[in-house]
Amino acid sequence: MAALVPVLWSLAGSRWWASAATLAYYLAASRGLPFGAGIFFAESAPLWFSWALWLVAGMVNALPWLLLWSETPRRQAWTLPVALALTAVPPIGFIGWVNPMTAAGVLFPGLGFVGLLCLVAGFVLIVLRCWSAVAVLASMAVVANLVMLQARPAWADAWSGHDTAFARLQTAAAPNFLAEGQRMAQVLMLAAQLEPGRVLVLPETMLPRVRQGNDFNASMLADVSAQLRTKGSTMLVGAEMSIPGRPIRNALVALGSDAGPLAQRVPVPIGMWRPWAADSIAADPFGSGIGLVAGRRVAYAICYEQLLTFPMLVSMANRPDVIVGAANDWWARETSIPTIQGQVLDVWGRLFGLPVIRATNI
């Protein structure tokens, strides 16, 4: 359905109808935000803030479509790709959720960047009414979907994700020590049960904050990592890494592996990424998003960045072997957000022919 949005935009009779169609799409796709953000910011912001956040983000995403609309098909043929690009790359790309380009994973699976080009070309050809060329692209889509019915690589069977259902780990008032103990016990149990040669992915912020030095949690994780290494297994576990003098990093820690932390590139703006605040989570928006785990190049996406386009495109340009997604959606469990996150990762996996491993705390 996302692929219909640029088509509706091009068919609109006026600039305002065109922008209304795109605004409706972005608001519908992010419909879980006002309810989820209301829970996330409950201790620090009034109720209206989450609704304003939802509306403003939708309007910012719709703005390029408003400004670039034209009555003439020839002009639309170049303004449409520009609008797609502007909503995918920074600065709008920092909140550029569910870009219509993700539909390429459904229409042109396995074709990678060629599939993206085919989708954009299809939009342009529809605008120009070149129906014979559109029919050729449609035939390519059918063939691509038939070929995509092949099995995923055999090594991927050793990779799996484990979902959890824990309460919030920390509030503004104090850490939840009961939740910390429960999560650590779960990690220890899963590590003990993990079979040799397997890779297990656990959700974002599964662990209490890990501090450099003689921190008890860090020491315990070092022991778990040594046990996993002896049997050739690996666990990717979400944790916040605290190093004195540096910003906090939200990352996946590779236990049983020599890989460094896989740090989140784009934390949630305002909620986690606040450059003006001392407790902001570090960001690396133009990082590769690639880590080497168990001999495989991993393209990882942690929570919020799963919804964005440009981090995934950067990762895909670095030729990964597998896509790993980890999220902590305790605040959005009653919304559409977790489902949409999973769908977006799955279509990127389809587009580039890669296995997708997901783990969510919900």
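Author: Q341 touches C303, Y304, Q306, L307, A327 and D329, leaving out residues up to four places away in sequence; contact means heavy atoms within 4.5 Å. Keep in mind that this is a predicted model, where local features need pLDDT of at least 70, side-chain atom pairs count only at pLDDT 80 or more, and totals for chains, interfaces and linings use all residues. Residues are numbered from 1 along each chain as its sequence is written, and side-chain values use heavy atoms, with hydrogens and water left out.

Reader: Ok, where does Q341 lie?
Author: In helix α12, residues 337-352. Helices (H or I, at least four residues) and strands (E, at least two) are DSSP runs, numbered from the N terminus.

Reader: And is Q341 buried or exposed?
Author: Q341 counts as buried because its relative accessibility is 3%. Buried is under 20% relative accessible area, exposed is over 50%, and partly exposed is in between (1.4 Å probe, protein chains only).

Reader: Switching to strands: how many residues of β8 are buried?
Author: Five of the seven in β8, residues 296-302.

Reader: Which strand runs antiparallel to β8?
Author: β7, residues 290-293, joined to β8 by four bridges. Two strands pair if DSSP finds at least two bridges between them. L292 has R297 in β8 as its bridge partner.

Reader: What about a parallel one?
Author: That's β9, residues 322-328, with five bridges to β8. The chain gets from β8 to β9 through helix α11 (residues 310-317), in a right-handed β-α-β crossover. Right-handed means that, with the strands pointing away from the viewer, the path from the first strand over the helix to the second runs clockwise.
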